[in-house]
Every structure is written in structure tokens, then in C-alpha cells.
Amino acid sequence: MRVATWNVNSVKQRVPRFVPWLDQRKPDVVCLQEIKLTDEAFTALLGEELAQRGYEIAVSGEVQWNGVAILSRVGVADIEVGLPGGPGFPHPEARAVAATCGGVRVHSVYVPNGREPDSDHYRYKLEWLAALGESVRTGPADAMVCGDVNIAPADADVFDPNAYVGQTHVTAPERKALTDLLDLGLHDVVRDRWPDKRIFTYWDYRAGMFHKDLGMRIDLVLASSAVADRVEAAWVDRLARKGTGPSDHAPVIVDLDEAPDGDIGPVVPPPSAPAAKRGAVKLPQSK
């Protein structure tokens with residue numbers, strides 16, 4: 001079973017890339033984030049294309065912002081929208097949907113950004129992560145949490161830790177919240193497979209960050225032990241970030257039981273973009 005997760009940053013804008021990508025990579029389960037459409041609009045836009053390819057849909061969307069979905073060719077059972085008892089800002093947002101696909105409980109999540117450390121949105125982010133942990137803790141043993149978690153797990157997951165001082169995504173409380181989630185028995189399967197590699201999944205559109213390979217690894221696939229033991233390949237589909245009209249995130253692909261394309265791994269870094277010296281590059285929003 002091939003499972004992929006992708007923050008498409010507006011599925012409407014991404015259709016010319018997304019549908020051919022489905023045909024190329026042939027994932028059995030796809031977790032999407034930032035679809036930025038209501039349920040009805042998402043189904044009207046992609047329902048026919050997905051049905052032709054054998055996908056069933058579980059979706060939680062809203063107008064203009066957020067929105068998550070699960071597409072599955074191996075079934076979507078026991079769909080749960082949102083996080084039971086989870087916080088809102090101030091109302092619940094479309095940030096989580098779960099379904100059982102091929103015997104695995106799959107969560108597609110778009111974790112709140114946090115905006116600024118110690119802000120109301122930052123505190124909301126930590127509360128939201130705690131609610132996600134409770135949902136995973138009380139759920140089935142075979143589970144995967146897939147999506148944009150808006151946290152770089154360690155300094156190795158950003159191009160330069162110095163550039164992120166005072167920013168969200170890297171603070172100790174955020175990383176502690178992610179560690180608490182992993183401590184439920186989940187495995188960061190891409191990092192487990194590539195412990196020493198420079199791997200990113202997100203690059204800002206501005207300042208040529210992708211071409212310079214100045215990115216972050218914030219899109220994760222976390223799998224329970226029983227599922228992690230089945231992983232045959234785990235990699236970042238960097239090609240999907242190239243070319244015309246890409247998302248600012250690349251898909252993460254995990255193959256269970258067999259790896260149709262082989263264990264190709266993430267393409268990191270491109271030879272033309274060696275790692276920058278610490279402190280040499282500022283984030284675009286800091287300039």
C-alpha cells in the first residue's frame with residue numbers, strides 16, 4: 001500500500017499538477033492539506049476525476065482557508081471529522097479528518113501554524129496537538145498520522161537553525177508537543193530511514209529558496225510500530241515541487257510491504273545547492 005501526504009496549498013490551483021501526479025505515482029491513500037475549499041466544492045472539482053481512478057473521499061473543508069482530505073483506493077471506513085474535544089480559534093477549523101483505509105487508521109492533519117511564539121494562536125497550536133495525541137492514543141493500534149505538522153522536529157530539519165531564532169516551528173514547547181505524540185508509539189518513518197540526510201519538504205516561494213535548497217522538513221508521516229515495521233520505502237517527492245505552478249510543499253510518500261519504484265529516497269540536496277553557512281541567509285519574512 002502506497003500512502004502519500006501533500007499540502008497542496010489550494011487544490012483548485014494545483015489541479016493541473018495534482019491529477020497527473022496521481023497517475024504518475026499511483027498512491028493508494030492520499031492525505032491532503034490546505035485544500036481551501038468546502039466539502040461540496042472539493043467534490044464538484046475533483047469528484048469525477050477521483051472516482052474514475054477508484055478513489056473514495058473523506059473530506060473536511062471550509063471556504064478559503066485550511067481543509068483536509070483523505071483519498072483512498074483501499075476503502076474509507078469510520079470517517080471522523082475534526083478532533084473530539086479539540087480547541088477552536090475560536091471555532092473548530094477544518095484541520096483533521098481520519099478514516100480506516102486498508103486496515104490502517106489514517107489521520108490527515110494540518111496543524112495550526114502558531115504565527116508567533118506565545119501568541120494566542122501559538123497556545124491554540126499546542127492545545128490542538130494535545131487533542132490530536134488523545135485521538136491517536138485512544139484509537140486503533142495500526143495508525144498513521146500524515147500531514148503538515150508545522151514543526152521541524154530537530155535543528156537538522158531546517159536549513160539553518162540561526163535563521164529561525166524567535167520564529168515558530170522550532171521552539172522547545174512545539175518540539176515537546178511533537179515528542180509527546182511520538183511517545184505514544186509513533187515513528188517518524190522518513191527520518192528513521194534517512195537518519196543523516198539533509199531532507200526538506202517545504203521551501204518558501206520567495207527569494208529562490210527552493211532552488212537554493214533552503215527549506216524545512218515539516219510534512220511528516222508518523223506510523224505506529226506495527227505499521228512502521230511494514231515500511232519498505234519512505235521519501236520526499238521533490239520533483240513535484242519543481243516546474244510551473246507547484247505547491248510550496250513537496251509530497252511525502254511511504255510504501256508499505258513493497259516499494260514499486262524501489263527505495264529511491266529523497267533527492268537531497270541538489271549538487272548546485274550546497275548547505276549554506278550558519279547565519280549567512282535570513283528568512284524572506286525577516287528581510
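Visitor: How many of the residues of strand E12 (residues 252–256) are buried?
Guide: This is a predicted model, so keep that in mind as we go. Strand E12 is mostly covered, and both of its faces are. On one side sit Val 252, Val 254 and Leu 256, with Ile 253 and Asp 255 on the other. The count of buried residues in E12 is 5 of 5.

Visitor: Which residue in E12 is the bridge partner of Arg 2?
Guide: Strand E1 (residues 2–7) pairs with E12 in the antiparallel sense, over 4 bridges. Arg 2 has its bridge partner in E12, and that partner is Asp 255.

Visitor: And which residue of E12 is the bridge partner of Ala 234?
Guide: E11 pairs with E12 over 5 bridges, again in the antiparallel sense. For Ala 234, the partner in E12 is Val 254.

Visitor: Which strands stand at the edges of the sheet?
Guide: The sheet is an open one of 6 strands with mixed pairing, and its order runs E3-E4-E2-E1-E12-E11. An edge strand here has a single partner strand, so one side of it is left without a neighbour in the sheet.

Visitor: What angle does the direction of H2 make with that of E3?
Guide: H2 packs on the sheet and touches strand E2 (29–33), E3 and E4. Compared with the direction of E3, that of H2 makes about 160 degrees.

Visitor: Are helices H1 and H2 roughly parallel or roughly antiparallel to each other?
Guide: Helix H1 (residues 11–25) and helix H2 (residues 39–52) pack with their axes 12 Å apart, at an angle of about 10 degrees. Angles under 35 degrees count as roughly parallel. H1 and H2 are therefore roughly parallel.

Visitor: How many residues of the contact of H1 with H2 are nonpolar?
Guide: H1 brings residues including Val 15, Phe 18 and Leu 22, while Phe 42, Leu 45 and Leu 46 are among those from H2. Charged residues number 2 and there are no polar ones, which leaves the nonpolar group at 9.

Visitor: Is Asp 204 buried or exposed?
Guide: Asp 204 is in the loop between helix H5 (189–193) and strand E10 (219–224). A polar atom of its side chain lies 2.7 Å from the backbone nitrogen of Arg 206, and Asp 204 also touches residues including Met 209, Phe 210 and Arg 241. With a relative accessibility of 11%, Asp 204 counts as buried.

Conventions: Residues numbered from 1 in each chain as written. Predicted model: local features only at pLDDT ≥ 70, side-chain atom pairs only at ≥ 80, totals over all residues. Heavy atoms only, no water. Axes fitted to C-alpha atoms, helices over the stretch in contact; angles between N-to-C directions. Helix = DSSP H or I, 4+ residues; strand = E, 2+ residues; numbered from the N terminus. Parallel < 35°, antiparallel > 145°, perpendicular 65-115°, else oblique. Contact = heavy atoms within 4.5 Å. Nonpolar A, V, L, I, M, F, W, Y, C, P; charged D, E, K, R; others polar. Buried < 20%, exposed > 50% of the residue type's maximum accessible area, 1.4 Å probe, protein only. Polar contact = N/O pair within 3.5 Å; in protein donor to acceptor, adjacent residues only side chain to side chain. Pairing = 2+ DSSP bridges. Lists of a residue's contacts leave out its neighbours within four places in sequence.
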